[in-house]
Amino acid sequence: MSALANIQTIDDLSRAIAAIPYASLLGIEVREEDGEPLFYLPFKDKNIGNTILPALHGGVIGGFLENAAVLHLMWQREGEGIPRVIDFSIDYLRTGRAQDLYCRCEIVRQGKRIANVLMTAWQDDRSKPVAQARAHFLLA
């Protein structure tokens with residue numbers, strides 16, 4: 001059975017992350033908090049884009065949020081196929097400093113074929129997001 005099928009628990013999500021090459025490359029991890037997945041990206045030097053500040057690369061932040069949303073949808077739908085991105089929009093609100101990054105996803109609306117997901121990333125303080133993204137997904 002594929003690691004991307006039948007995702008029901010946080011352990012299943014961890015196995016799914018290991019099976020997705022880009023998620024593994026970034027170093028995405030997940031843990032349960034308040035009955036929901038909390039995705040986090042432990043700091044790694046290779047994720048730095050601006051070495052002078054230093055700051056996380058915007059593409060790393062965007063890739064982290066997109067992967068988190070796909071994984072969250074798969075967990076919510078218990079692995080009923082891999083959602084496909086229709087569109088993705090991100091607002092960078094603060095500099096992503098050289099430290100761990102966290103993400104929560106909220107399914108704003110889900111129909112039979114389309115889902116709308118809001119993703120929020122923060123570092124020290126959840127009330128001060130580094131980035132917020134919105135995406136529409138085609139459900140399998």
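**A close look at one residue**

Modeller: Ile10 lies in helix H1, residues 10-19. Helices are DSSP runs (H or I) of at least four residues, strands are E runs of at least two, and both are numbered from the N terminus. This is a predicted model, where local features need pLDDT of at least 70, side-chain atom pairs count only at pLDDT 80 or more, and totals for chains, interfaces and linings use all residues. Residues are numbered from 1 along each chain as its sequence is written, and side-chain values use heavy atoms, with hydrogens and water left out.

Is Ile10 buried or exposed? Ile10 has a relative accessible area of 13%, so it is buried. The cut-offs are under 20% for buried and over 50% for exposed, with partly exposed in between, using a 1.4 Å probe and protein chains only.

Now its partners. Leaving out residues up to four places away in sequence, Ile10 touches Val30, Arg31, Glu32 and Pro37. A contact means heavy atoms within 4.5 Å. Lys112 is 102 residues from Ile10 along the chain, and their C-alpha atoms are 24 Å apart.

Next, compare Gln123. Gln123 sits in the loop between strand S7 (114-122) and strand S8 (131-138). Its relative accessibility is 5%, so Gln123 counts as buried. Its side chain reaches two backbone oxygens: that of Arg97 at 2.9 Å and that of Gln99 at 3.3 Å. A polar contact is a pair of N or O atoms within 3.5 Å; within protein, one must be able to donate a hydrogen and the other to accept it, and residues adjacent in sequence count only if both atoms are side-chain atoms. Setting aside neighbours within four places in sequence, Gln123 is also in contact with other residues, including Leu56, Thr95, Tyr102 and Val130.

Now step back to the protein chain. The chain has three helices and eight strands. From the N terminus, their order is α-α-β-β-β-β-α-β-β-β-β. Of its 140 residues, 44% are buried. Among contacts with a separation of 6 or more, 58% join residues 24 or more positions apart.

Last, the overall size. The C-alpha trace spans about 45 × 25 × 25 Å along its principal axes. The radius of gyration is 14 Å, which agrees with the value near 14 Å for a compact globule of 140 residues. That radius is taken over C-alpha atoms, and the globule rule is 2.2 Å times the number of residues to the power 0.38.
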